[in-house]
Amino acid sequence: MNALSRRRAAPAASPLAIHPVGGGASQPAGAFVATVPGTEAPLLPLDLPPGVRGVARERVARRQLRDAGCGAGLDMRPARLGPGRETWGRMLVCEAGLRAGWAAEAAGAGRRCRAVLPDYLALPAAPGLWVIEAEAGGMVRARLGPDDGFAAEADLARALLEDAARAFAPAAILRRGAPDAALDDWLATLGVPVCADEAALAA
């Protein structure tokens, strides 16, 4: 049995190239997704009434963020991720000036740039799957199913993962990137398969 149960689906299209904005590298010749530092564009959870949709839902969300101290100069957009696109419960927040700079850099690619995303949203996603990628310098990116994720330094990332595990346990974990003994020891305590690549998930 697979570590993570999946519905039968059509063969996946070839993944788009990933291009970090501001890294100095040339943009890919073909279609790509531009990524920006996830620490600069977090997903903030909200407590929104399930029956409120559309523009009214955005108004309530923005009011909640303002009440929480998110004020002028911020760009706040609904994170329509996963199957519940009309019942989203998180906003993607960043400084408006940063977003303008990212958009200007990506604009030169025209239609080749399919999206500009926080780096953690460029990780693979599936229901019940956590994807965790660590860098040697201590940065951790995590995708916690289709509609959640973050980027943070290792200590904060561990705390965020502990909070997420108390809310729901993943069915499996795809662990990518550099070794992190403390993180990997903690992941082992969750009692779910921890795989190093996609092929191992399907084994």
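User: Why does R99 count as partly exposed?
Analyst: This is a predicted model, and every value is computed from it. R99 has a relative accessibility of 32%. Buried means under 20% and exposed means over 50%, with partly exposed in between. So R99 is partly exposed.

User: What makes D75 and R99 a salt bridge?
Analyst: Their side chains meet with N to O at 3.8 Å. The cut-off is 4 Å, from a side-chain nitrogen of Lys or Arg to a carboxyl oxygen of Asp or Glu. The pair is therefore a salt bridge. D75 lies in strand β4 and R99 in helix α2, so the pair ties together parts that are 24 residues apart in sequence.

User: Is D75 buried or exposed, and how do you know?
Analyst: D75 has a relative accessible area of 16%. Buried means under 20%. So D75 is buried.

User: How many salt bridges does the structure hold?
Analyst: The structure holds 14 salt bridges. One of them joins the side chains of R90 and D148, at 3.3 Å from N to O. R90 lies in strand β5 (residues 90–95) and D148 in the loop between β8 and β9, so this pair ties together parts that are 58 residues apart in sequence.

User: Why does D148 count as buried?
Analyst: The relative accessibility of D148 is 17%. The cut-off for buried is under 20%. D148 therefore counts as buried.

User: How do you know that D119 forms a salt bridge with R141?
Analyst: Their closest N and O atoms are 3.7 Å apart. The limit is within 4 Å, so the pair qualifies. D119 lies in the loop between β6 and β7 and R141 in strand β8, so parts that are 22 residues apart in sequence are tied together.

User: Are D119 and R141 buried or exposed?
Analyst: D119 is buried, with a relative accessible area of 17%. R141 is buried too, at 11% relative accessibility. Salt bridges that share partners join D119, E133, E135, R141, R176 and E198 into one network.

User: Which residues is D119 in contact with, leaving aside its neighbours within four places in sequence?
Analyst: D119 is in contact with T35, V36, P37, G38, R141 and A151.

User: Why are α3 and α4 called roughly parallel?
Analyst: The axes of helix α3 (residues 154–167) and helix α4 (residues 181–188) cross at roughly 10 degrees. They come within 11 Å. Angles under 35 degrees count as roughly parallel. That makes α3 roughly parallel to α4.

User: Where do α3 and α4 meet?
Analyst: R158, L161, E162 and A165 in α3 meet A182, L183 and W186 in α4. The contact residues divide into five nonpolar, no polar and two charged.

User: Which residues have the most contacts inside the largest nonpolar core?
Analyst: They are W130, I132, L144, F150 and L161. The core has 17 residues. At least two residues come from each of β7, β8, β9, α3 and α4. Helix α3 gives the most, with four residues.

User: Is L190 buried or partly exposed, and how do you know?
Analyst: L190 has a relative accessible area of 25%. L190 is found in the loop between α4 and β11. Leaving aside neighbours within four places in sequence, L190 is in contact with W130, A165 and I173. The C-alpha atoms of L190 and E105 are 41 Å apart, and the two residues are 85 residues apart along the chain.

User: What makes V192 count as buried?
Analyst: V192 is at 16% relative accessibility. Buried means under 20%, so V192 is buried. V192 lies in the loop between α4 and β11. Beyond neighbours within four places in sequence, V192 is in contact with P170, A171, A172 and I173.

User: Why does A169 count as exposed?
Analyst: A169 reaches 57% relative accessibility. Exposed means over 50%. A169 is therefore exposed. A169 is found in the loop between α3 and β10. A169 and D180 are eleven residues apart in sequence and 20 Å apart in space, C-alpha to C-alpha.

Key:
Residues numbered from 1 in each chain as written. Predicted model: local features only at pLDDT ≥ 70, side-chain atom pairs only at ≥ 80, totals over all residues. Heavy atoms only, no water. Axes fitted to C-alpha atoms, helices over the stretch in contact; angles between N-to-C directions. Parallel < 35°, antiparallel > 145°, perpendicular 65-115°, else oblique. Contact = heavy atoms within 4.5 Å. Nonpolar A, V, L, I, M, F, W, Y, C, P; charged D, E, K, R; others polar. Core = buried A, V, L, I, M, F, W, Y, C linked by side-chain atoms within 4.5 Å. Buried < 20%, exposed > 50% of the residue type's maximum accessible area, 1.4 Å probe, protein only.
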